[in-house]
Amino acid sequence: MSMRTVDEHLAGILRAVPLLPPLELALLEAEGAVLAEPVEAPVPLPPFDNSAMDGYAVVAADVAAAGETEPVVLPVIGDIAAGDPAVSAIRPGLAARIMTGAPMPAGADAVIPVEWTDGGTASVRITRPAPPGHYIRRAGEDVLAGQVVAEPGLRLRAAQLGMLAAVGRARVMVRPRPRVVVLSTGTELREPGAPLAPGQIWESNSFMLTAAVIEAGAVGYRQATVGDEPEKVWETVQDQLGRADAIITSGGVSMGARDVVKEVFSAFGAAGGRGPDAGAGGAAGAAGPGWVEFSKVAMRPGKPQGFGLLHGTPIFTLPGNPVSAYVSFQVFVRPALRAMQGLPPDPLPTVGAVLTEDLKSPAGLRHFVRGRLSSGRGFFSVTPAERQGSHQLGSLSSADALIVLREDDEAIPAGSHVDVLRLPS
Ligand code: AMP
Ligand code: MG
């Protein structure tokens, strides 16, 4: 079993994960997906000159002398509502009542908001002047016809979906959110809600990891937990390959006598054949049954890791200790899921912070220390949690940050500047 750095392990994963093929989705199904085509506006936005206010369309010159004491009174020839066809017109000396979004009548060159008038319907008293163009939204002032409003690689959130709808798109080509199956292994694990027998604990990783998948912008499917039985683990993973773009397992990858995931997939890797360095990543893996490589990564928590491709589908075999599984997800799986959608494989957002307490860190390992951030006087400070055991979920659930200590950090005094990953809140 090889030993490698965090960066080496992540680089190997990013080289191997396949890009999801684009598909066409209806707009709302595309929320969180990544655009795979440039989208052009077929018409200008707005498509026609229209009123920015409820008020009166007028000829600006007619109201140039209007004031509180000398109002201008104009006959109102009718109403123009949003949705009316753009066929009306006015002549100098006349006004038309107009609603927000309604097409400007030909001949008018300003809109007087209703607040500057008496709101009259047969005739209107106008008490303030307005320059030509006032409160008119011009055709094309938002988007020009033919303009590209969204480029490939754009993640579609609310505002971007609104833009696509506004240029008339009902469907778009996207790289969808990856579908990720999460599977826990361990004979000692019971479903939350079920009573515990001696030696048992409630299963937590699959809930945590499925939620983390969703937080990362992918689709999470929690799969029932499997005991430490090689055939069951094998069968379950094979069953899930059909619906998964990626698989995450937890447990069974360290140095124990019954490390079921390692047992199953080491055999598979040996039979099927190729490691991450043997060929051109995803495409090559897709041809054969695949490979899974187990390694020690120089990090704490999360040393035992495994990654591979089964029939082209990435499988991340994370360690079972809950904090190890969580940190491994954030450090390796999250960037990989982004890469599969064609997004930059960014880590969690990082901020610089001042450490409030002395810390020690093992030489040669990248150390992820749970902590809490606080901000004040223009900078962040971060306080490490008291308990840092990889089984201690309590201190993870009350943390909002992971302090990242580098491989060459050993004693880090209070007051040092450290990098901090902000956990999704
Ligand atoms: P393993 O990696 O399978 O040796 O598990 C390491 C430790 O994590 C053991 O104490 C397991 O009981 C615990 N563990 C493994 N999987 C889970 C899980 N899904 N939920 C909670 N604890 C787990
Ligand atoms: Mg186990």
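What follows is a short exchange about the pockets of this predicted model.

Residues are numbered from 1 along each chain as its sequence is written. Local features need pLDDT of at least 70, while totals for linings use all residues.

Colleague: How much space lies in the largest pocket?
Modeller: A pocket here is an open set of points on a 1 Å grid over the protein atoms alone, where a 1.4 Å probe fits, with protein on both sides within 12 Å along at least five of seven lines. Its volume is the space filled by probe spheres set on the points, which are joined across faces, edges and corners. For the largest pocket this comes to about 490 Å³.

Colleague: Which residues of the lining are closest to the centre of the largest pocket?
Modeller: Lining residues have an atom within 4 Å of a point. The largest pocket has 31 of them, and the closest to its centre are G251, P319, G320, N321 and P322.

Colleague: Which strand gives the most to the lining of the second largest pocket?
Modeller: Strands are DSSP runs of E of at least two residues, and helices are runs of H or I of at least four, numbered from the N terminus. Elements that each supply at least two residues include α1 (6-16), β25 (366-376) and β27 (401-405). The most, four residues, comes from β29.

Colleague: Between which domains does the second largest pocket lie?
Modeller: The domain bounds come from an automatic or database domain assignment. Two domains both give residues to the lining, so the pocket lies between them: domain 1 (2-20 + 176-340) and domain 4 (350-422).

Terms used:
Chains lettered and ligands numbered in written order. Predicted model: local features only at pLDDT ≥ 70, side-chain atom pairs only at ≥ 80, totals over all residues. Heavy atoms only, no water.
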